[in-house]
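Please examine the structure shown below.

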Amino acid sequence: MILELKNITMQFGGITAIDDLNFGVKTGEIYGLIGPNGAGKTTLFNIVTGNYTQTKGTVVFNHEELSGVKPNEIVLRGIARTFQNIRLFKSMSVLENVLIGFHHQANYTYFESILRLPRHFSNEKKIKKEAMILLEKFGIADLADTNSSSLSYGNQRKVEIARALATNPRLLLLDEPAAGMNPSETEDLSNIIKKIKTEFGLTILLIEHDMKFVNQMCDKVLVLDYGEQIFEGKPSDAIVDEKVVAAYLGDFEHA
Amino acid sequence: MDISTFVQQMINGISLGSMYALIAIGYTLVYGVLRLINFAHGDIMMVGAFVAYLAQNAGIPFELAVILAIIAAMVTGILTDKIAYKPLRNAPKISLLITAIGISFFLENLFNVLFGGVPRAFSAPDYLTKIIHYDGIIVPVTVIIIPVVTLILLFIILWILNKTKYGMAIRSLAFDIPTVKLMGINADIIIMLVFAIGSALAAIGGIFYAVSYPSIDPLMGVIVGLKAFAAAVLGGIGSVAGAVIGGFILGFTEIVVVAFMPDLGGYKDAFAFIFLILVLLFKPTGIMGQDLDRSRF
Amino acid sequence: MKIIKLLMLSVAILFLIFAQNNLDPYTVSILNNIAIFGILALSYNLINGVAGQFSLEPNGFVAIGAYVTALLILPASSKIDMFALEDPAPIILAMHTSFLPALLMSGIVAAVLAFILSIPVFRVRGDYLAIVTLGFGFIIRIFAMNQTKYTNGAMGLNDIPDNANLLWTGGIIIVTFIVMLNVIYSKYGRAMKAVRDDEDAATAMGINTFWIKTYAFMTSAFFEGVGGGLMASLLTTISPDQFTFLLTFQLLIIIVLGGLGSMSGTLIGAVLVMGGTEWLRFLDQNMDIFGYNTGAHPGLRMVVFSILLIIMMLFARRGIFGNKELTDMFKRGKK
């Protein structure tokens, strides 16, 4: 188990967003979190990344407890994420966005960069090279100098994932990676995710609504409804599970 | 220090605290709804005080002058929002803060050009300037009137916020509850209302200030505004009750420290700042505060 | 590229030497003014424009820098003569250095204070930096007024040795410019821009946003302290009332006009605003309009400048250069 969540409960004010949740993600797995809107999936992400502090329970990553570890430190321990509504650094180029992910791999101090000492140059050269290699893997190396806000939606998503990979994670959290994409973009994306997963030895935890995508990608899924776990198992079993179907139907009725 | 001096200082503290509270409410309401430090708020207080002064000079009786001052401040507040803030609602936060500073500086210098920087004596009717002697306690009558009026205004504000449709909409905007649209209320009207209420209270606070000290100048709103903002943060920004509590704590501290430690008199204006730093260090949400700045994912 | 840079640098230095020796004192004083405001605005733009943290600190740090340098370069004898309200504290009499270490000390003291302010301010989100730094400017003034045995109170300091000249101010603005660009084009500068664009996303990249903001703030403070020291030596007399919010406001106009986040723009902004301030001087004085004397209006210039600032923000938020540098434009041009 690379990630274990034990008895996680999250309350906002009086509202329980997540209720006593237990699950674990095995190393090398692609694990899907699904469920109707407002089921608590993104909240769960925010707990794992340290943006929220759970009311109760523990998160264990790589045999270490994450309680009290700050979000930026959690990244250094090997958990990277993307956001539901792509959040690139809009004033920066694609390359710069990815270089931000390499921040900690460039090994020079503030004074070394002010005085432009050799380590500044050698490290900048190193991470720029690595960033370009990463962009090539995503097939967007030619866009390196383009401003990130002028990219197509699909390419923005790629940059966001590349940027997350730049932090050298062991666990990658993807929040609705296929949202807003057309079928061919989705196809392209799932191939890339599978490719990088093997290449970087990643474990992936993803939130997704597109059941076809989930079916195709995930080894295992967890279905959440109103903060409670209603199913855990193979994706193909999930879609025929009574509770799951009921939860989704309920969601459609409300919507 | 004998008991009567003590009581006298307490009363002064309540009075000063009331003034800070009135001005702090405006900061807290605007911050709650727009997440913006309205740097011009202290200057709107100055505008209120100046209009009251000018109206009286023109022969208008004090009571009417006060009403004119309140209206002028409300108009200034609403116009500030319409001209300088509203067009930037979707712009980066820093743009809004810069225009806020621009408006503040504009008002200060405009009044400086029009009326000069020299402080002007502010006159008020006799019933406000009387001195009360009671059992060794000597206080101007204003220090009694100010807290009473403040209390009445506070009840009105709380009634508006808690019992009226618009008031509830203000609160829901402040806590980011997405009910505003559902209730069919235009957010622009709510924001206008917030500026109107805040500016009216600032004008009253400014007039109280002018009567107490009794002089006004174009820069009078700067330091008072800064202190009132510190009071709002101390109480918990976004909370009206917090603004009042913060105002009182600050008012008391200033009066008490100066009364008991006269050596620190020169640093009186620094207390608000020290409070601000301490609150940010130990309890950034303030006394009554909700975590308005929690990032939303 | 390197050759062009070296060429520009040598031209700048030659110009400084020429100007110092050949131009009339009035022109030199305007150039000095531009250089000092340029130094201050460049550093101010780092925290405001590059890191996107709206701050109103310059007047406070400039005041500190001015006092530190003044007290360090004034000889003990003139301190004894000058301190009228209270005798100078022993440490004030004891401290004495030459000009360059004094300037460095000014920068260091300002940077240390910036660090102390960072701790409460950058741990919280929101716009508290603006209000805390605004308050800081007032506090510094209150202390300068009251700590008479260190500052001579409201009387201020006079007869400060006039070590500074155009070579100093011009030399330091060049250094400041280079340092700022070196910061911007490093992983730290990138991280500052990331914090400006989206703080949560920067955190999700493993960036410690507290330290990135603190670096930006301390660097700004350092050069504002140095600029304050230069100012003290140029003016030879300083007092608490000199470092009001007006100073910060002028710098804000400069960086907004030049472009928040653009150092090249800041230099142009400094020339335009300082030149404009001179040119608009007539606004504050008596004017005859169609035979009607308007009388003197001190502050009218600032009314004009505040309207300009608001209009800029409303209609031309990106300023002259946006957040790009001159060199970026060359790059774009080459493609």
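In this predicted model, C:Gly259 has a relative accessible area of 0%, and since buried means under 20%, C:Gly259 is buried. This glycine belongs to the loop between helix H13 (245-258) and helix H14 (263-279) of chain C. Leaving aside residues up to four places away in sequence, C:Gly259 touches C:Asn45, C:Arg318, C:Gly319, C:Ile320, C:Phe321 and C:Gly322. Its C-alpha atom is separated by 27 Å from that of C:Phe138, a residue 121 places away along the chain.

B:Tyr134 is part of strand E2 (residues 131-134) of chain B. With a relative accessible area of 60%, B:Tyr134 is exposed. B:Tyr134 and B:Ser4 are 130 residues apart along the chain, and their C-alpha atoms are separated by 9.2 Å.

Is helix H10 (residues 187-197) of chain C largely enclosed or largely open? Nine of its eleven residues are buried, so the helix is largely enclosed by the rest of the structure. Among the buried residues of H10(C) are C:Lys187, C:Tyr188, C:Arg190 and C:Val195. At the start of H10(C), the backbone nitrogen of C:Tyr188 has a side-chain oxygen of C:Ser186 within 3.1 Å.

Chain A contains an open sheet of four strands in the order E2-E1-E4-E5, with antiparallel pairing. Strand E2 (15-25) and strand E5 (64-65) of chain A are at the edges; each has a single partner strand, so one side of each lacks a neighbour in the sheet. Strand E4 (residues 56-61) of chain A pairs with E5(A) in the antiparallel sense over two bridges. In E5(A), A:Glu64 is the bridge partner of A:Phe61. Helix H1 (residues 41-48) of chain A packs on this sheet and touches strand E1 (3-12), E2 and E4 of chain A. The direction of H1 makes about 115 degrees with that of E1(A).

The final topic is the aromatic rings. A pair of aromatic rings is described by the distance of the centres and the angle of the planes. Over all chains, a search of the whole structure finds 26 aromatic pairs. Two of them are set out in the table.

| Pair | Centre distance | Plane angle | Class |
|---|---|---|---|
| A:Tyr110 and C:Tyr215 | 4.6 Å | 5 degrees | stacked |
| C:Phe222 and C:Phe223 | 5.2 Å | 85 degrees | edge-to-face |

Why does the pair of A:Tyr110 and C:Tyr215 join two chains? A:Tyr110 lies in helix H4 (residues 110-114) of chain A, whereas C:Tyr215 lies in helix H12 (residues 209-235) of chain C, so the pair joins two chains. A:Tyr110 is buried, with a relative accessible area of 6%, while C:Tyr215 counts as partly exposed at 27% relative accessibility. In the other pair, C:Phe222 is partly exposed, with a relative accessible area of 21%, and C:Phe223 counts as buried at 8% relative accessibility.

A:Tyr110 and C:Tyr215 also belong to one aromatic cluster, together with A:Tyr108, A:Phe111, C:Phe115, C:Tyr188, C:Phe210 and C:Trp211. C:Tyr188, a member of this cluster, is one of the buried residues of H10(C).

Charged side chains also meet rings in chain A. The charged end of A:Arg87 sits over the ring of A:Phe83, 4.8 Å from its centre. In the case of A:Arg163, the charged end sits over the ring of A:Phe89, 4.7 Å from its centre.

Note on methods
Residues numbered from 1 in each chain as written. Chains lettered and ligands numbered in written order. Predicted model: local features only at pLDDT ≥ 70, side-chain atom pairs only at ≥ 80, totals over all residues. Heavy atoms only, no water. Buried < 20%, exposed > 50% of the residue type's maximum accessible area, 1.4 Å probe, protein only. Contact = heavy atoms within 4.5 Å. Polar contact = N/O pair within 3.5 Å; in protein donor to acceptor, adjacent residues only side chain to side chain. Pairing = 2+ DSSP bridges. Axes fitted to C-alpha atoms, helices over the stretch in contact; angles between N-to-C directions. Phe/Tyr/Trp six-rings, centres within 6.5 Å; stacked < 30°, edge-to-face > 60°. Lys NZ or Arg CZ within 6 Å of the ring centre and 35° of its normal.
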